[in-house]
Amino acid sequence: MFQQKIKEIDPISDFKEEKYLEEWVMKYRSLGMKGRCADYIPALGESNRSDLGVYMINSNGFEMKAGDWNVPFTLQSISKVISFIAACLDRGIPYVLNRVDVEPTGDAFNSIIRLEMHKPGKPFNPMINAGAITVTSLLNGDSPEQKLESTYALIEKMIGKRPTFNENVFQSEWKTANRNRALAYYLKENGFLESEVEDVLMVYLKQCSIEVTTKDIALIGLILSQNGYDPIHKRQVFPKQIAKLIKGLMLTCGMYNASGKFAAFVGIPAKSGVSGGVMASVPARCRQKNLFQTGCGIGIYGPAIDECGNSLAGVELLKHLTEVYDFSIF
Ligand SMILES: NC(=O)CC[C@H](N)C(=O)O
């Protein structure tokens, strides 16, 4: 089955497409110089603003990559997708949704304002810091190490290896995480956290410091596109209901307070992180006949971000790919 599908791809035109991808990366790379790296986490300020890389993989295992696709970066907010799936697997969807809502905020990812304005202070969604900190506290295990293992184990299952950890980025954020501490104390006060504040922050910030490449997040995006099924290893990693739920959250809340524009102009579920990563998941439904019509995962890395926290060059590259391959689900 797998072999048969692979044969459908024409090696000559596919090779040409990869060359185009390289050209598009070259075209958008300079945009990075107009943005800034997320230097509120001092170690991220050291990233190279002109890096730009992309990795795409379809449901037949066909892959295309270009630019700095193999440069490691930390997951940051992309980890929110993984911890949410892990918490749903550990505790069940109703339990998790009892503590975190499924509504976009239109506010910055680290905003605190709605926790006080809407009683009883339930975080609006798991893609913002307040929601992700809450979700992290729900992971299985009593100690931070056990909870972190839940997230690691799920990543390992999806990318086929234990990802590395960036201690430097973790230490840098741990020492400066005053706003996340404020959010966590507020959540604790309102009874939403199932851990002590410092313990849950340890897990949350360690998750953010897990290191990946565009290939790793493209693989996760691919599994999401197939509703939790890994088409490469031919196994269901997590249930379809969880995949549908998280993709809805990615579409409505995944690009922070630029999610509306992203849905309108790109139109696919995606999640970004302030390190410049973007993980996108293209469902099997584009109308144009092309290499990616049965769904694909896309990983992008471009560390210079805009005022919302999304990769400047990465989002433009993704917009371009969407036009070429008719990715939008609308
Ligand atoms: N938007 C992000 O990627 C935020 C993640 C970052 N570690 C934070 O909590 O601030």
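Q: How many of the 10 residues of helix α6 (residues 129–138) are buried?
A: In this predicted model, helix α6 is largely enclosed by the rest of the structure. The buried residues run through Asn129, Ala130, Gly131, Ala132 and Ile133, and on through Thr134, Val135, Thr136, Ser137 and Leu138. Under the cut-off of 20% relative accessible area, the number of buried residues in α6 is 10 of the 10.

Q: Which helices do the buried residues of α6 pack against?
A: Helix α6 spans residues 129–138 and is largely enclosed by the rest of the structure. Its buried residues include Ile133, Val135 and Leu138. The helices they pack against are α3 (79–91), α4 (93–97), α5 (113–117), α7 (144–159), α9 (178–189) and α10 (197–208).

Q: What distance separates the centres of domain 1 and domain 2?
A: The domain assignment gives domain 1 as 2–74 + 212–325 and domain 2 as 77–208. Taken over C-alpha atoms, the centres of domain 1 and domain 2 are separated by 23 Å.
The contact between them takes 36 residues from domain 1 and 33 residues from domain 2.

Q: Where does the ligand lie relative to domain 1 and domain 2?
A: The shell around the ligand is made up of 13 residues, the closest being Tyr40, Gln76, Ser77, Glu173 and Tyr256. Both domain 1 (2–74 + 212–325) and domain 2 (77–208) give residues to this shell, so the ligand lies between them.

Q: Which residue has a side-chain N or O atom 2.5 Å from an oxygen atom of the ligand?
A: A nitrogen atom of the ligand is 2.6 Å from a side-chain N or O atom of glutamine 76. For glutamate 173, a polar side-chain atom lies 2.7 Å from a nitrogen atom of the ligand. The 2.5 Å distance, to an oxygen atom of the ligand, belongs to tyrosine 40.

Q: How much of the 290 Å² that the ligand exposes when taken alone does the protein bury?
A: A polar side-chain atom of glutamate 173 is 2.7 Å from a ligand nitrogen atom. Of the 290 Å² exposed by the ligand alone, the part buried by the protein is 99%.

Q: Is serine 172 buried or exposed?
A: Serine 172 lies in helix α8, residues 167–174. Leaving out residues up to four places away in sequence, serine 172 touches Ile41, Pro42 and Ala43. Its relative accessible area is 12%, and the cut-off is under 20%, so serine 172 is buried.

Notes. Residues are numbered from 1 along each chain as its sequence is written. This is a predicted model: local features need pLDDT of at least 70, side-chain atom pairs count only at pLDDT 80 or more; totals for chains, interfaces and linings use all residues. Side-chain values use heavy atoms; hydrogens and water are left out. A residue is near a molecule or strand if one of its heavy atoms lies within 4 Å of it. A polar contact is a pair of N or O atoms within 3.5 Å; within protein, one must be able to donate a hydrogen and the other to accept it, and residues adjacent in sequence count only if both atoms are side-chain atoms. Accessible areas come from the Shrake-Rupley method with a 1.4 Å probe; for residues, only the protein chains shown count as cover. Domain bounds come from an automatic or database domain assignment. Helices (H or I, at least four residues) and strands (E, at least two) are DSSP runs, numbered from the N terminus. Buried means under 20% relative accessible area, exposed over 50%, partly exposed in between (1.4 Å probe, protein chains only). Contact means heavy atoms within 4.5 Å.
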